[in-house]
Amino acid sequence: MNTYRRFPITFKKGNGSKIWDENETEYLDFTSGIATCNLGHVPEKVKQAIEAQLANLWHTSNLFHIKKQEDLGVLLTENSCFDQVFFCNSGAEANEAAIKLVRAYVVSQNKTNPLIVTFHQSFHGRTLATVSATGQEKIKAGFEPLLQGFIHLEFNDFHSLKMLADISPSAVMLELVQGEGGVIPADQKWVDELVKICKQKEILLVVDEVQTGMGRTGSLFAYEQYGIKPDIMTLAKGLGSGFPIGAMLAKGNVGDAFQPGSHGSTFGGNPLASTAGLATLQEMITSTVLENSEKMSSILFAKLRELQENYSFIKAVRGKGLLIGMEIKGDATKAVELALQEKLLILTAGPNVIRFLPPLTVSKNEIEEFEAKFIKVLEQLKED
Ligand SMILES: Cc1ncc(COP(=O)(O)O)c(C=O)c1O
């Protein structure tokens, strides 16, 4: 179906930050398949693990124990503030599971208010529940009637927090850096206040880390940098290095609201997907990739801020780790098209924001290569 506006390019091979099209033309990939190939294209350890699993067993269903799924679940809980994990296949499914868990928890507590507060400009997925949760009209338009039970408030706005306290919903769900909505990090003070209200009013805190998770913002999960401990977190994208897998994690008392039969998925956490997730997480924890991403983030931010000084149409450079946005006066899609001509892959995040998502393994040389290509893009944008 005509669901995507695609560029006229087909890629056939990838390695690290590089990707080659059918004519062997090399591109520098600063999109990571939209924050998914966080370890770069075809990371060796993950490839080896998938190859080994391929020879043995692909799928069994969740009617049986799955060793790799259990190992991945344990490793995720050991490296986060959560106790339980449900596996699925995508970010939207992980958020669906989170929304259902909130509702199940409300029922288990004999409470009556299943409302969930989310924020303007948020993006939580394309299923009907996650479209209903999403705070962007363009995503919702034409799909009414939407699911009831969501209220959208202003992001990073203290007045919203007063409303949150008044509404006293069952849960609040947010991205700590809004990705698709324009790369907007949540303010620390605002998050602190939000968490305070959640504690006072017994509101569940759900963080959607589908884009920010798996090292993208410099720590394994973005919530760590805010010094908070949410009740529920969702993951997908970077979790399988490109192999489809999603996860919804919860603290024990909340996760207990799901009992056998409450929720399920045929493929969720199957042996192959869990192998990809486990090898990815092991690599992220045991290698120096997070350290590298932090260093490369400082270098890239410094270069982009320098460019901001030189080009007056650059209004802002913001983000966290290697999830970076550049707001410009003008059309960000034009920048993406011009970059393609320079064999550089970049993204937009809304109409005026250019988004950079290099792999966490990106090198200093590659950032220099990026800079040379991107300056050519900016020069052309300046002429328009
Ligand atoms: C924050 C966030 N949540 C959810 C999703 C949906 O994930 P998926 O496309 O895997 O369903 C995305 C995708 O961009 C996202 O950025």
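Student: What should I know about the model before starting?
Tutor: The model is predicted, with local features needing pLDDT of at least 70 and side-chain atom pairs counting only at pLDDT 80 or more, while totals for chains, interfaces and linings use all residues. Residues are numbered from 1 along each chain as its sequence is written, and side-chain values use heavy atoms, leaving out hydrogens and water.

Student: Which residues come nearest to the ligand?
Tutor: Gly91, Ala92, Asp208, Gln211 and Lys237 do, out of 13 residues around the ligand; a residue is near if one of its heavy atoms lies within 4 Å.

Student: Which polar side-chain atom lies 2.8 Å from an oxygen atom of the ligand?
Tutor: That atom belongs to Gln211. A backbone N or O atom of Ala92 also lies 2.8 Å from a ligand oxygen atom. Each is a polar contact, a pair of N or O atoms within 3.5 Å.

Student: How much of the ligand's accessible area does the protein cover?
Tutor: The protein covers 81% of the 390 Å² that the ligand has on its own, by the Shrake-Rupley method with a 1.4 Å probe.

Student: Changing topic, what are the domains?
Tutor: The domain assignment, automatic or from a database, gives domain 1 (11-30 + 288-383) and domain 2 (44-286).

Student: How many residues of each are in contact?
Tutor: 21 residues of domain 1 contact 22 residues of domain 2, where contact means heavy atoms within 4.5 Å.

Student: And what area is buried between them?
Tutor: About 1600 Å², of which carbon and sulfur atoms give 61%; buried area is the accessible area (1.4 Å probe) that two parts lose on being put together, summed over both. Leu290, Lys320 and Leu323 supply 38% of the area that domain 1 buries against domain 2.

Terms used. A polar contact is a pair of N or O atoms within 3.5 Å; within protein, one must be able to donate a hydrogen and the other to accept it, and residues adjacent in sequence count only if both atoms are side-chain atoms.
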